[in-house]
Amino acid sequence: MKIHEHQAKQLLAARGIPVPLGRVARSVDEAVAAVRPLIDESGNPVVVLKSQIHAGGRGKGTFKEHPDVRGVNVITDGVEGGPSATEEAVRELAKKMLGGTLVTIQTGEEGKQVNRLYVEQGIDIARELYLAVLLDRATSRNIVMASTEGGVEIEKVAEETPDKILRAQIDPAIGLAPFQANELVHRLGIDGEAAKNFARFVRNLADAATELDTDLIEINPLVITKTGEVIALDGKMSFDDNALYRHPDIADMRDETEDDPLELAAKNAGLNYIKLDGTIGCLVNGAGLAMATMDTIKHVGGEPANFLDVGGGATADQVTTAFQIITKDPSVKGIFVNIFGGIMRCDVIATGIVEAVERVGLEVPLVVRLEGTNVEEGKRIIEESGLEVTNADSLRDGAEKILELSAP
Amino acid sequence: MSVLVDKNTRVLVQGLGKTGEFHTDKAIAYGTEMVGVVHPTRAGTEAHFDGETDHSGVPGRDDTYSVDLPIFATVKEAVEETGANASVLYVPPPFAADAIMEAVAAGLDLVVAITEGIPVADMIEAKRYLQGTNTRLIGPNCPGVITPGECKIGIMPGYIHERGRIGVISRSGTLTYEAVHQLTLLGLGQTTAVGIGGDPVNGTNFVDCLKMFEADDETEGVIMIGEIGGTAEEDAAEYVRSQMSKPVAGFIAGTTAPPGKRMGHAGAIVSGGKGTAEAKIEAMNEAGIVVAETPSDMGEAMVRALG
């Protein structure tokens, strides 16, 4: 699960990690109202207005409706004009940003609607670094990744200058040891007051990753100020969905407006569904087989409309819901059900399909391929239901059949 | 020979909910030596299983079975009383990593974790706990391990398997069944099929299994089934290229998966341009592994690899 920058900073601040002062705003008035208290508290006449969406590249991104407005704006009007000039500038920008569609390198062409802004104090930056905590699958440990190349895309750094990326493994029983933090300080060339602050920052960040069950914490950039403060200027966090049960406060931070409505409905039903651009709906058990089914549809010349894994222990009800979700996608011209029963029994799938069709009807061709646990029972249920179903003998056979039947 | 499990494997089941009960019954029907249950709240009682024998499994048994498995409060006690050397876990995700550690502490040779949805942080701890012990963990989030005709631990349908010459390794449950089914239809059969699981942190990886199959006299070839995410397939390809004498075929799922999206399995995600199907297929091709174009061609790919 992803959260917004302002939420991530709130979680970081609660764990002793310095972040800029800021206020979240859901309306133009709230954004304007945030300005004076922020300037009073920070003593800095500069404020930054940041779009809150679940995608990176906001600083360089622009709005569809206002191509001259960027996703993140530094407002310096207050330096000479005082707080009221800042308020005016915030008002004008917020009007364009709120409700606008921000297109960044990560949103795709369609962009994302901005529903909230973060109004933040300006920071005097001396140096920008990159810092992240993420899982290293090769060692089965979380690692700290750090780089002197802050504020740019880390993938690019990894590609072009891999030696500029430093790594430190986090022992789950110990956390990041002080010597590891000191080594990072040394190799990043941080000195003076900032060295102490950075070491504390990175150890707190490592602890936060473990305590909060994050998939990823990325601070890009982490900044060192002219007075040696170390601050998370940006903050991106995503969480291990499987661990959210022990963090109800974080689970509550979910912004459902960021999710695709069909994906959200599937998630709430305990299904793994991802919408794609094609025309062949797929209902499959098992993630690997679901991916391979998409691949095979593509291989025989079609385009999958979705990834859908009903999982190992799905009930007939869940299968019905899965069917409803697939048929709600107007681009679906045919459905391919591909089941190899292990933990999932073919009779359960068959019952779910029959119930779904009875409940929601079926206007597109349906190809079903069943194999594995209780397959005979499953085939019997479908046969006796009188549904118009084409049977397939193998994955490839099924993909070819649904492609033919769904051809315009 | 075979790897990991055989007719001498004595299996405990940890967690006996609906799923655990269903698959314990199927395992007994197959002929697996199930010797006990660990379930603290039902300790001191017995779990009863009866039904018709699955004759695709261990040969030479009666047509029906009726078994009462003793239930224990702890793995340690169950091991002392039954002489078990393996366990299979159907424990719910919040408690599963702890159950793995309990099995490791009890000194079992093999722990097979079927459970899907264990928090990564829990698995990081469990993996650390495993270090320096002699226990091998398979999974989590996997279908299990089967040596056809001898021992079935997990949730795979037994009847699609047939004892034969090929070792199977896979991150995906249902794709394992596809491969096994095709190998059976082609008359190649399997020595052992191992589901290593779809999570980013798992107990056993491709290279571990390739080593075991390379050393196993009965195994003549290996099929490895991977998917997007991580670099375990690339590591496996490097091992095959430099160390392996036996022919290897393979398949990678997720060519059409969009980047940044988690495709069902917690570990199946292309992030930052890493873990793509293309990179894995390329590494495997370069290592001389015969890569199937679709999952329906996995058996054929194995035939070609055998030459």
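Let me begin with strand β7 of chain A, residues 117-121, which is mostly covered, with four of its five residues buried. Please bear in mind throughout that this is a predicted model.

Which strands pair with β7(A)? One is strand β1 of chain A, residues 22-25, which runs antiparallel to β7(A) and is joined to it over four bridges. Within that pairing, A:Val24 stands opposite A:Tyr118. Another partner is strand β2 of chain A, residues 47-51, connected to β7(A) by five bridges, again in the antiparallel sense. Here A:Ser51 is the residue that faces A:Leu117 of β7(A).

I turn next to an open sheet in chain A. Three strands make it up, in the order β3-β5-β6, and their pairing is antiparallel. Its edges are β3, residues 62-63, and β6, residues 112-113, each of which pairs on one side only. Strand β5, residues 101-103 of chain A, meets β6(A) over two bridges. In that contact, A:Leu102 has A:Lys112 as its bridge partner.

Now to the nonpolar cores. The largest contains 205 residues, and the members that touch the most others are A:Val202, A:Leu308, B:Leu89 and B:Ile100. Helix α6 of chain A, residues 193-212, supplies the largest share of this core, namely 11 residues. Another core, of 25 residues, lies apart from it and includes A:Val90, A:Met97, A:Leu102 and A:Val103.

What does A:Leu308 touch, leaving aside residues up to four places away in sequence? The list comprises A:Leu271, A:Asn272, A:Tyr273, A:Cys282, A:Leu283, A:Val284, A:Ala290, A:Ala322 and A:Ile326.

Finally, the chain as a whole. The domain assignment divides chain A into domain 1 (21-121), domain 2 (125-251) and domain 3 (259-406). Taken over C-alpha atoms, the centres of domain 1 and domain 2 of chain A are 26 Å apart. The secondary structure of chain A amounts to 13 helices and 19 strands. Along the principal axes, its C-alpha atoms fill a box of roughly 80 × 50 × 40 Å. Of the 408 residues in chain A, 50% are buried. Among contacts in chain A with a separation of 6 or more, 71% are between residues 24 or more positions apart.

Conventions:
Residues are numbered from 1 along each chain as its sequence is written. Chains are lettered from A and ligands numbered from 1 in the order in which they are written. This is a predicted model: local features need pLDDT of at least 70, side-chain atom pairs count only at pLDDT 80 or more; totals for chains, interfaces and linings use all residues. Two strands pair if DSSP finds at least two bridges between them. A nonpolar core is a set of buried Ala, Val, Leu, Ile, Met, Phe, Trp, Tyr and Cys residues joined through C-beta atoms within 7 Å. A residue is buried if 20 or more other C-beta atoms lie within 10 Å of its own, exposed if 12 or fewer, and partly exposed in between; C-beta atoms are placed from the backbone. Two residues are in contact if their C-beta atoms, placed from the backbone, lie within 7 Å. Domain bounds come from an automatic or database domain assignment.
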